[in-house]
Amino acid sequence: MNDYKLFVGTICPYCAKVENFVEEENINIDIVNIEKDREAMRKLIEEGGKRQVPCLYHDGEYLYESDDIIDFLRDNN
């Protein structure tokens, strides 16, 4: 699999939606909770431009919006 990282939050229904898809499809991906990992939050804000989750980091790009992330993962796995 490519270098993917999924940034999520603790109480976020959109994050849960993506996480459930990842689990159901048995996709091996690093999932990072930005509320538990302050360095990950800093990186997301500095490099991704905002503190919005869910966010999928892939190939140097940051992809937001749960439906867009699911579509991307469905098409690229």
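In this predicted model, F7, Y57 and Y62 come together as one aromatic cluster. A search of the whole structure finds 3 aromatic pairs. One of them joins Y4 and F72 in an edge-to-face arrangement, with 5.7 Å from centre to centre and 65 degrees between the planes. Because Y4 belongs to strand β1 (residues 4–8) and F72 to helix α3 (residues 66–75), this pair ties together parts that are 68 residues apart in sequence. Y4 and F72 are both buried.

The ring of Y57, a member of the aromatic cluster with F7 and Y62, has the charged end of K43 sitting over it, at 5.4 Å from the ring centre. Likewise, the charged end of K50 sits over the ring of Y64, and here the distance to the ring centre is 4.4 Å.

A further topic is the pairing of charges with each other. Side chains of opposite charge can pair when their charged atoms come close. The structure holds 4 salt bridges, and the table gives the distance between the closest N and O atoms for some of them, including the bridge between D67 and K17.

| D67 | K17 | 2.5 Å |

Which parts of the chain does the salt bridge between D67 and K17 link? The bridge itself has its closest N and O atoms 2.5 Å apart, and it links distant parts of the chain, since D67 is in helix α3 while K17 is in helix α1 (residues 13–24), 50 residues apart. D67 has a relative accessibility of 43% and therefore counts as partly exposed, and K17, with a relative accessible area of 37%, is partly exposed as well.

E46 is exposed, its relative accessible area being 56%, whereas R42, at 37%, counts as partly exposed. R42 and E46 also belong, together with E39, to a network of salt bridges.

Helix α3 holds both D71 and R74, and because they are 3 residues apart there, about one helical turn separates them. The relative accessibility of D71 is 38%, so this residue counts as partly exposed; R74, with a relative accessible area of 49%, is also partly exposed.

The last topic is the cysteines. A disulfide is a covalent bond between the sulfur atoms of two cysteines. How many disulfides does a search of the whole structure find? The search of the whole structure finds 0 disulfides. Are the cysteines C12 and C15 buried or exposed? C12 has a relative accessibility of 14% and so counts as buried, and C15 is likewise buried, with a relative accessible area of 0%.

Key: Residues are numbered from 1 along each chain as its sequence is written. This is a predicted model: local features need pLDDT of at least 70, side-chain atom pairs count only at pLDDT 80 or more; totals for chains, interfaces and linings use all residues. Side-chain values use heavy atoms; hydrogens and water are left out. Rings of Phe, Tyr and Trp (its six-membered ring) pair if their centres lie within 6.5 Å; planes under 30 degrees apart count as stacked, over 60 as edge-to-face and the rest as tilted. Helices (H or I, at least four residues) and strands (E, at least two) are DSSP runs, numbered from the N terminus. Buried means under 20% relative accessible area, exposed over 50%, partly exposed in between (1.4 Å probe, protein chains only). A charge sits over a ring if NZ of Lys or CZ of Arg is within 6 Å of the ring centre and within 35 degrees of the ring normal. A disulfide is a pair of cysteine sulfur atoms within 2.5 Å. A salt bridge is a side-chain nitrogen of Lys or Arg within 4 Å of a carboxyl oxygen of Asp or Glu.
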